[in-house]
Amino acid sequence: MAKKPPIAPSRADTAEEQVTRSAKPERFHGATLAGADFDDADLRGARFHNVALAGADFDDVDLRGARLHNVALTDAEIDDADLRGARLHNVALTDAEIDDAALAGARVDNADAASTRWSDVSLRGARFEQSDLRDVAIVGCAIEGLTIDGVRVDRLLDEARRRQSASPSPEAKKAALPGKSGKTTKTKPRRPAPGK
């Protein structure tokens, strides 16, 4: 009897297999990709080493678990990107705009993030060490567990809020001082008693 050819898997089976199969992560080494446009890209676990990405645009990019080492992202736009668990070391983010991104659990070491704008970014459990964060604007971001040089930022802000609510306002302090009610009262001058 002749052998029958094997049954080809259905398209649904191959699609499912492609989703569950882990592809080898992309590697970028010594590349100049300034102004590159990464749109709807799956770069999970990607490795970027000595890469120039100044002015690059990352829109709807999955960079979970990615490693960026000696990467220039100055003036880059990072929008709707997933960098959960990513590791960024010696990365230049100066003047970058990061919007609607997830950096939960990410670790950022020796980064230059001066003058960056972070809006609607999840920084839960992220750690920044020895990074330049001067003039950073953080707006509408989730910061629970965010640590900068060993200091938990959420706890620091909670303590500042407690102290502020416990201490009276400057107006209340002035009113509490004896003889300093803040109101001025007019007193009539006394006339000397007759015959004195």
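Figure 1. H29 stands opposite H49, a residue of β3. Strands and helices here are DSSP runs, strands (E) of at least two residues and helices (H or I) of at least four, numbered from the N terminus. The model is predicted, so local features need pLDDT of at least 70 and side-chain atom pairs count only at pLDDT 80 or more, while totals for chains, interfaces and linings use all residues. Residues are numbered from 1 along each chain as its sequence is written, and side-chain values use heavy atoms, with hydrogens and water left out. Strand β1 (residues 27-29) runs parallel to β3 and is joined to it by 3 bridges. Two strands pair if DSSP finds at least two bridges between them. β3 also pairs with β5 in the parallel sense, over 5 bridges. V51 has V71 in β5 as its bridge partner.

**Figure 2. The open sheet of 6 strands.** The strand order is β2-β4-β6-β8-β10-β12, with parallel pairing. β2 and β12 (137-139) are the edge strands; each has a single partner strand, so one side of each is left without a neighbour in the sheet. On average, neighbouring strands of this sheet are turned by 5 degrees against each other, direction ignored. For such angles, axes are lines fitted to C-alpha atoms (for helices over the stretch in contact), and the angles run from 0 to 180 degrees between N-to-C directions.

**Figure 3. D37 and D57 at the pairing of β2 with β4.** The parallel strands β2 and β4 are joined by 3 bridges. D37 lies in strand β2, and its bridge partner in β4 is D57. The C-alpha atoms of the two residues are separated by 4.8 Å, although D37 and D57 are 20 residues apart along the chain. D37 counts as exposed, at 55% relative accessibility. Buried means under 20% relative accessible area, exposed over 50%, and partly exposed in between (1.4 Å probe, protein chains only).

**Figure 4. Aromatic pairs.** The whole structure holds 4 aromatic pairs. Rings of Phe, Tyr and Trp (its six-membered ring) pair if their centres lie within 6.5 Å; planes under 30 degrees apart count as stacked, over 60 as edge-to-face and the rest as tilted. The ring centres of F38 and F58 are 4.7 Å apart and the planes are at 5 degrees, so this pair is stacked. F38 belongs to strand β2 and F58 to strand β4, so that the pair links parts of the chain 20 residues apart. Both F38 and F58 are buried. W118 and F128 have ring centres 5.9 Å apart and planes at 75 degrees, so they form an edge-to-face pair. W118 sits in strand β10 (residues 117-119) and F128 in strand β11 (residues 127-129), 10 residues apart. W118 and F128 are also buried. Ring pairs link F28, F38, F48 and F58 into a cluster.

**Figure 5. The largest nonpolar core.** This core has 42 residues; those with the most contacts inside it are L43, F48, L53, F58, L73, W118 and L123. A nonpolar core is a set of buried Ala, Val, Leu, Ile, Met, Phe, Trp, Tyr and Cys residues joined through side-chain atoms within 4.5 Å. At least two core residues come from each of β3 (47-52), β5 (67-72) and β7 (87-92). Not counting residues up to four places away in sequence, L123 touches L103, W118, F128, C141, A142, I143, E144 and L146. Contact means heavy atoms within 4.5 Å.

**Figure 6. The salt bridge of R44 and D62.** The side chains of R44 and D62 meet in a salt bridge with an N to O distance of 3.6 Å. R44 lies in the loop between β2 (37-39) and β3, and D62 in the loop between β4 (57-59) and β5, so the pair ties together parts that are 18 residues apart in sequence. R44 is partly exposed, at 44% relative accessible area, whereas D62 is buried, at 14%. A salt bridge is a side-chain nitrogen of Lys or Arg within 4 Å of a carboxyl oxygen of Asp or Glu. By this rule there are 13 salt bridges. One network of salt bridges links D42, R44, D62, R64, D82 and R84.

Figure 7. R161 and D158 form a salt bridge, with the closest N and O atoms 3.1 Å apart. They are 3 residues apart in helix α2 (residues 153-166), a separation of about one helical turn. D158 is partly exposed, with a relative accessible area of 34%. R162 and E159 form a salt bridge at 2.9 Å, N to O. R162 and E159 are likewise 3 residues apart in helix α2, or about one helical turn. R162 is partly exposed at 49% relative accessible area, and E159 is partly exposed at 30%.
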